[in-house]
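Please view the structure below before reading on.

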Amino acid sequence: MTQPTHASGSTSHQLAREPSGAPLRDPGDRPAQILGPDGVLAGAPGWVTPGLTRDLYRWMRLTRRLDAEAFALQRHGELGIWAQSLGQEAAQVGSVTALRPADYVFPSYREHAACLVRGVSPSQILAQWRGVSGCGWDPAARHLHAYTVVLGAHLPHATGYAMGVQRDGTDEVVTAYFGDGASSQGDANEAFNWAATCSAPVLFFCQNNQYAISTPASLQMRTPIHHRAAGFGLRSFLVDGNDVLAVHEVTREAVRHIRSGGGPAFVEAVTYRMGAHTSSDDPTRYRDQAESDAWQAKDPLSRVEKLLEAQGWWDQGFRTALDAECEALAVEVRSAVRGFGPVELDGLFDQVYARRTALLSSEKAAYADLVAGFLDEEVDDDGGPPDSLAGQARTARAFGVGVGR
Amino acid sequence: MSRLSLSAALNAGLRQVLEEDPRAIVMGEDVGPLGGVFRVTDGLSKDFGSGRVIDTPLAESSIVGTAIGLAIRGYHPICEIQFDGFVYPAFNQIVSQLAKMRARTAGKVPLPVVIRIPCGGGIGAVEHHSESNEAYFAHTAGLRVVICSDPQSGHWMLRQAMACGDPVIFYEPKRRYWDKGEVSSDLTLAPAFDRALVAREGTDATVVCYGGMVATCLEAAAVAEGEGRSLEVIDLRSLSPLDLDPVCASVRRTGRCLVVHEAPGFAGLGAEIVSGVTERCFYHLEAPVLRVTGFDLPYPPAKYENQYLPDADRVLDAVDKLLGF
């Protein structure tokens, strides 16, 4: 580590300010870093083994491949929308691999790496983006909650879950991912305060990727995010979010602190969303190429590649096997998306309440009657152009997208 | 069987739940040693400890948000929102998270969370302490919205809400907290909590109401009886899902229907009931379905509320119109 990881309490520095009056960064704060963009290790930490480094790199490569395939599928119209994790692989992989499998994770909506590491399959991740499911996996089975799209709403959930852990007397650590934008939400700040007051075993992991859609972090806050933690009574850490080794180590330290009963902690991982907010976004409207290029030079994958190369830690066998694994993942992603098939609305009526209500029963029955009516009409179809709901339903069926519309 | 106030009957219900269900947790602002501002949680903290009766920070969104997390972990939280007008900071957690989690996870993450909200006016309170916001929540799929009207229904319905497995908005009409009635703790005698009940039988018109208005409508029916008019009063109890079967059965007999609630009328529950009754009982109706509601004003300062709230006179005036068609 080139810098101490414990960053809380350093609020006395005079903040440098941009002409707009927005904060830059406390000059006394430098994110913890082990592996620089040039691929050079700071010092020689004994725990940085070839095996660990390759393992972390593997998850980052798989995530990047998933991301690229999903983005391409969105462009082909196979996914409604996609939120790329491009550039944030180190922050996610470094942190989630520092947790135990039983540690429950509350993701936001861009934590595809965390999902993969937790054993969620690509098709399960893509189900929500394809629009065939509200959550493609079983949260309890993966100890990974569903994605939360309302910013920050899941942070009180993480605190509450951690209160349950506390009552159960286990040493599990609950981790919640969120971004710089979500840190502005009341729920985020309530959750920090609440967790501190009851000493809940929860880690708030902020991926500061610099933008909330188009709004830069400098417009979100007047102090660095991790400074806020001290005000709530959370132990805080600042780390280079593009350095997977530093993220891994800092998260391990934060988790050790929480697991040993030290109370909640906060990590700010400084990273960059290299892609758009989602596939519907156009980042060229709000950031310039020079900025993107500067962050490109800090790419979390390339620096590990340089390290592996320099240390002689990636032999041809590892490289070939990983390439093949990425290819297999890409094939799986493409076939899974095509394999989702049409959806049937009627199943949804049974998922809203513990027991279906009279209202939903009557709506389900009415819908079934409607569909049955279309089928009757289809028998009598004279082959003319569709000019009714029935016709539209037949049209939808002809294209294999179901009648749910 | 014992004679209890609504507040005490709810307290007895909570006590029973905490005794029977080790995963049940009562949480909210001032619910601990103070026993809640209406004393509904009186003595629970002393008997069950601060681990199960939790005095929370003053943060409504997180009261519901942490309850969601506790429920994911397998606990059964009962949240108290101190007053109806304070539930709005928690609105997002209730409608975007609590209500929808079961559906979006295809049933894998049920959230059995009960949110108790003292509701309605009539106690001379300051602003934000007398609101009727049931329509907001009834509009959201995934929630159950119920409201008790007397000590017995409060006691049974609260225990049933805890057992149903769904998120429940549980309204308690605060001006009835001190009304007393006979309460049996025998849950096997309780009608299903999502069923409407006939509170008084009658033949000339059907009066549909809920919560604090049930006593008002029963008072009106007693007066009407003296005037030779027989009103059937139905206590809806469950606002979502809405149990219209007993309402429609009654309207088919009486041919006339009046809906009474203290919430503002526009886009309120009454509109839903009028629509349902009209659709299902059209050929039985002798008159249009009428409503008596609070006015479409922000809830007024306390000195106005006797004029603002529907009372027996307004109900009887509407009955006159209904029977005059």
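How many residues of chain B are in contact with chain A, and how many residues of chain A take part? In this predicted model, 42 residues of chain B touch 37 residues of chain A. About 3000 Å² is buried between the two chains, and carbon and sulfur atoms account for 57% of that area.

Polar interactions also link the chains: there are 3 salt bridges between chain B and chain A, and 18 residue pairs are in polar contact, both residues being at pLDDT 80 or more. One salt bridge pairs B:Arg73 with A:Glu172, with 2.7 Å between the closest N and O atoms.

On the chain B side, the elements that supply two or more residues are strand 2 (24-28), helix 3 (60-73), helix 4 (91-98) and helix 5 (101-104) of chain B. Helix 3 of chain B contributes the most, with 10 residues. The composition of this side of chain B by class is tabulated here.

| Class, chain B side | Count |
|---|---|
| Nonpolar | 18 residues |
| Polar | 16 residues |

Within chain A, helix 1 (residues 50-75) and helix 12 (residues 300-311) have axes that come within 10 Å and cross at roughly 145 degrees. The crossing of helix 1 of chain A with helix 12 of chain A is left-handed. Residues in this contact include A:Tyr57, A:Met60 and A:Arg61 from helix 1 of chain A, and A:Leu301, A:Val304 and A:Glu305 from helix 12 of chain A. By class, the residues of this helix contact comprise 7 nonpolar, 1 polar and 4 charged.

Definitions and conventions
Residues are numbered from 1 along each chain as its sequence is written. Chains are lettered from A and ligands numbered from 1 in the order in which they are written. This is a predicted model: local features need pLDDT of at least 70, side-chain atom pairs count only at pLDDT 80 or more; totals for chains, interfaces and linings use all residues. Side-chain values use heavy atoms; hydrogens and water are left out. Contact means heavy atoms within 4.5 Å. Buried area is the accessible area (1.4 Å probe) that two parts lose on being put together, summed over both. A salt bridge is a side-chain nitrogen of Lys or Arg within 4 Å of a carboxyl oxygen of Asp or Glu. A polar contact is a pair of N or O atoms within 3.5 Å; within protein, one must be able to donate a hydrogen and the other to accept it, and residues adjacent in sequence count only if both atoms are side-chain atoms. Helices (H or I, at least four residues) and strands (E, at least two) are DSSP runs, numbered from the N terminus. Ala, Val, Leu, Ile, Met, Phe, Trp, Tyr, Cys and Pro count as nonpolar, Asp, Glu, Lys and Arg as charged, and the others, Gly among them, as polar. Axes are lines fitted to C-alpha atoms, for helices over the stretch in contact, and angles run from 0 to 180 degrees between N-to-C directions. A crossing is left-handed if the near helix is turned anticlockwise from the far one by less than a right angle, and right-handed if clockwise.
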